[in-house]
Amino acid sequence: MNRKKGDKGFESPRPYKTTHQVVCINNINFQRKSVVGFVELTIFPTVANLNRIKLNSKQCRIYRVRVNDLEAAFIYNDPTLEVCHNESKQRNLNYFSNAYAAAVSAVDPDAGNGELCIKVPSELWKHVDELKVLKIHINFSLDQPKGGLHFVVPSIEGSMAERGAHVFSCGYQNSTRFWFPCVDSYSELCTWKLEFTVDAAMVAVSNGDLVETVYTHDMRKKTFHYMLTIPTAASNISLAIGPFEILVDPYMHEVTHFCLPQLLPLLKHTTSYLHEVFEFYEEILTCRYPYSCFKTVFIDEAYVEVAAYASMSIFSTNLLHSAMIIDETPLTRRCLAQSLAQQFFGCFISRMSWSDEWVLKGISGYIYGLWMKKTFGVNEYRHWIKEELDKIVAYELKTGGVLLHPIFGGGKEKDNPASHLHFSIKHPHTLSWEYYTMFQCKAHLVMRLIENRISMEFMLQVFNKLLSLASTASSQKFQSHMWSQMLVSTSGFLKSISNVSGKDIQPLIKQWFFRDQSGVVKFYGSFAFNRKRNVLELEIKQDYTSPGTQKYVGPLKVTVQELDGSFNHTLQIEENSLKHDIPCHSKSRRCRNKKKKIPLMNGEEVDMDLSAMDADSPLLWIRIDPDMSVLRKVEFEQADFMWQYQLRYERDVVAQQESILALEKFPTPASRLALTDILDQEQCFYRVRMSACFCLAKIANSMVSTWTGPPAMKSLFTRMFCCKTCPNIVKTNNFLSFQSYFLQKTMPVAMALLRDVHNLCPKEVLTFILDLIKYNDNRKNKFSDNYYRAEMIDALANSVTPAVSVNNEVRTVDNLSPDVRLILEEITRFLNMEKLLPSYRHTITVSCLRAIRVLQKNGHVPSDPALFKSYAEYGHFVDIRIAALEAVVDYTKVDRSYEELQWLLNMIQTDPVPYVRHKILNMLTKNPPFTKNMESPLCNEALVDQLWKLMNSGTSHDWRLRCGAVDLYFTLFGLSRPSCLPLPELGLVLNLKEKKAVLNPTIIPEAVAGNQFSNSQDEEEIDMDTVHDSQAFISHHLNMLERPSTPVCSQYRTLLYHKHFYQEHKKKKKKHKHKHKHKHKHDSRERDKEPLTYHSPAGGRSLRSPSLSD
Amino acid sequence: MADTAASAGAGSSGTRSGSKQSTNPADNYHLARRRTLQVVVSSLLTEAGFESAEKASVETLTEMLQSYISEIGRSAKSYCEHTARTQPTLSDIVVTLVEMGFNVDTLPAYAKRSQRMVITAPPVTNQPVTPKALTAGQNRPHPPHIPSHFPEFPDPHTYIKTPTYREPVSDYQVLREKAASQRRDVERALTRFMAKTGETQSLFKDDVSTFPLIAARPFTIPYLTALLPSELEMQQMEETDSSEQDEQTDTENLPLHISTDDSGAEKENTSVLQQNPSLSGSRNGEENIIDNPYLRPVKKPKIRRKK
């Protein structure tokens, strides 16, 4: 028991501790896609009566388990394989989500559970009572793994190495259990010995130091021996095997890069920058990179673009690029930097539990942000922060709050902390992918808020403290029990913040972590200027009743630009105070009628033409929360000329972008002039200029009747990018200045959005774009123009307007309009040229496919998915496939095609690339063929069954995919039982096999629908019970080994039914009220109607007299 | 005599072409020659006492005479060239005649016979001008080391260069226009050709030919075509990127970096690690001492070791 003292608060949920693990894979067969090996765990029991050891293992076939060389009995049971076992007609998502959460936590290592339960042989019990070491040796094999390990085997002639066949580990969160038995938790650290025997032509890359490589006796294979002496969680163990080309980093010899054959030149260029990222992180963290080596592996068919594991990162091969590619370079560098940040926080420093995940994601995201600031500049950084903020705001307003700390402050386990969501957030594996992305986004934004509060210096000190504690701990032997120092926890993190900074960040924590308040702040601001008092009367309202919002109380910075300068004011936002009086500094404004030097925030003085101003007010513009120190959405009202001043003279890119957005509502010549001036200004941030293009297009369209001169931006473009002597011909490409390159790319795309009075794209614009394409000449350019050309096709697609159709005639070549004919001509030529001279990442094909879909949708070309389906096949580049699949998804929606939907669903199940499968589900969710409130011929029982099967058992090998399927099911049918299903006949189902009767929960919604009380609560409650059942279910099964059983509803008894039901109402009252108010307003309203339409004769009696006849 | 032979030779070819076109001055010239020969034959016949002759036999005799003279000319030319001269001399003719079995000694007497007939000289007709093929530029005079009797240099255009006098288009707009349309035409023709010869897809079911799309064909290794720059681009890149050729993959299995023993390798490794990465830039050139575990040679299995 003395051990726990050393742990300083971290109590392992498991009754033992791992100190060392050996993973040995002695055979990998690429042909059969199989793996054979063994693992050996060295564990110390921490309780005396340990007789069962639970480990994680999925998909693995386990042959033999020995504990200290004694054969041990074991049971393998994985309830997540099939979430809902009983073949009931149960089809509502609430039921599923709860059952799924229960199943996941039934094997959650952080709850002390696991799929594999090993019985300690009775001979060793005495040994265990003395808390002596146990060695568990497990022989296992994997055959055609569907998740965890991904095999890429191109089907061509030659040996596996010649074919470029490779395999790598992948997965979402802790997914190591998919490829070897382990304690698949981020909190169970141990040292590692990894051995992989592979074909002599292959290289096995794994974690830690490569100690040696030894040939096997027949000299045809070699064994790679890795040692990882830094305690590491099993979830951070990875593997990549393939005929990789090896590149030792020329700047840092301990860093090695690997890529697939033939790509070495690209690898060289891509990784040539990495050492700078290293230097940056080591400098700001004042800490050396914790591992003795670092490896980057670039593989095909990647699960995610970037995956960081202990001392190695696995990247998608599609990130590689040559020196000629502009657009991909910053993206790839960002990926590299991201992965490296996660090496420090995420791999080296791990987390105690899932609820501490935000700290790791937050810190790694935050230091990654600092790197961005250093590398790409403050403008880019602020723009990125704004972008991320907008993203999280949009998401939270749509779906409700994102909780950073799912079980903060303890609370009742039973309550679902995020009742507005259709999945449980208590476990990473039940999270929707989109939610998880937003979670990461919010984590780093909140970390930035903390920085705002305590200053960056302290922030970095905290990180340094975490790292130095961890690296001290990592060099200790296991017996000193220091390893838990390498785990970060929310409370520990917050404590060290207050220790280091001495500042109280409680209000901040309260604001952004507490469960009920998760969400963003929505400010509405307006103002009036009181001339007599020379006071600015600012009114700030909040909307905290909509879903996803919360009330903000605390300081709020407001910046007012006056004639005499810029002034910051900090307002205290309190419960009831809406109005704030801000005294103005500028007094008289009689003298300045024309131009005047105005001091700006940054001390700069600029000449402004003040004639547009309101003569009575000294205010130029006002900004609320300019530093984005609250997660908020601000809607502020000020006059158009103020926005224009803000756009022209405010130096902050975020302010400029805000004003561009606001100016869309003011289509006046003055706005036009302001935007054009911005476009023209070379020193203005290029992204601002790019968004000014689109705003200008919108303004031009609103002003179409009064617009004078050539189409917007045309003369500007001509002046910037066309020849002096012949203005209709664009200069030969020279992309040396990236800013003008991006502008040159964007302007035609925005111009194509222009419409004339007939709502058609002006002929002049189309000719202009066609000329750009025609005269495009890249021969003298240092860079590739593939992205530029792709954008030109996007511009063509943007110019397409709906076809004038006469009597729904069939679209033929003959009745094509001449403009479309020209466009089609270009697209055909581009698409065909791609076959002969493919562009980088096939950007042009992607744009062409999108453009063709636009033409189809607008009725110029007959709508037909055949072309897209052929491009969506396996074997095309992944970007092409995704673009084609997007078109098919869109077709499925527009044409309501059952056949295409089936084709897509089939692909979700059978496609070899996990990313594509995930992406199809994602796209179907984003652009669903129908939604729950919609009548659609596609919505039928077979589809419900199919999707149910998909999420219930079809996707058990991939957490991300399963959650994607859940998302889709939610979008299509909502939380309750899909309306297209017939009502079940019976209230109670008798399961003869298991000799028990189960209430058929599907009827409850209808039965109680007349009642004010929500139906779904009841279902939830039923499932809540099953949570407990499943918690107990593993042990339950241990007692009845011979009996196959189901994880859910197993202990459900009819007798309990009534009692349970009433209890439920009492318990849930509070909660469902809340629910009604928010998200499910529509649901319940709709459901109220349901009984009328779908009421079955059985529905009525089901509640009162559950029939037992079957 | 040689002239006669040459002209006779030319005459035979002249008659052949003469049948086609009689207005040609060259043909006229040859016809006149032949007429003279006929006169000669006729006078010889008269001398021999013939009163009349059939036209056919006169023609035959003329032909024979012409052949004979031609043969003399040809042979004489051969003899003269055999002795590296271009102009036949009298001795050449004599040798020729002897060779042909003609008794040369009788010739002076025959020439001075009393009853010989004098024929009027043939009408003066212009020697046909052999059309000079492309007189471009001045023929170069012989350099001093070449004797003047050697043939002249051929026309300079045949061995120096042919200057063309087309005015180059220098107008920027036209140039760009041309380049653009040329490229477009090539691309269009090429893609159309590919589409015609291979499988196609079409956006319109009723009309397959107007907008033919080359059918999408999956690759076995799709990322290679997508990521690797085309050969043309690669060339450009190599020009800019002059970094050293990488040998590391090749040396992977070669014992180039054999370290003496394991511990030594370990030591070196750790020393590398302790260096500040900011200093590592300076080590850039020292490629040879890189100690990376992936570059070390693969060890032979130890026989004794049991696993």
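Helices (H or I, at least four residues) and strands (E, at least two) are DSSP runs numbered from the N terminus, and two strands pair if DSSP finds at least two bridges between them. Nine bridges link β25 (residues 554-562) of chain A to β26(A) in the antiparallel sense; A:Glu562 has A:Gly565 in β26(A) as its bridge partner.

Residues are numbered from 1 along each chain as its sequence is written, and chains are lettered from A in the order in which they are written. Because the model is predicted, local features need pLDDT of at least 70 and side-chain atom pairs count only at pLDDT 80 or more, whereas totals for chains, interfaces and linings use all residues; side-chain values use heavy atoms, without hydrogens and water.

A second open sheet in chain A comprises five strands in the order β16-β17-β18-β20-β19, with mixed pairing. Since β16 (245-248) and β19 (306-309) of chain A each have a single partner strand, one side of each is left without a neighbour in the sheet. The twist averages 15 degrees from one strand to the next. Four bridges join β16(A) to the antiparallel strand β17 (residues 255-259) of chain A, and A:Leu247 stands opposite A:His257 in β17(A). Helix α5 (residues 264-271) of chain A lies across β16, β17 and β18 (294-299) of chain A, at about 30 degrees to β16(A). Such angles run from 0 to 180 degrees between N-to-C directions, with axes fitted to C-alpha atoms, for helices over the stretch in contact.

The contact between the chains (heavy atoms within 4.5 Å) takes 101 residues from chain A and 75 residues from chain B. The buried area, which is the accessible area (1.4 Å probe) that two parts lose on being put together, summed over both, is about 7700 Å², with 61% given by carbon and sulfur atoms. Seven salt bridges are counted between chain B and chain A, each a side-chain nitrogen of Lys or Arg within 4 Å of a carboxyl oxygen of Asp or Glu. One of them joins A:Asp864 to B:Lys205, with the closest N and O atoms 3.8 Å apart. On the side of chain B that touches chain A, α7(B) gives the most, with 14 residues.
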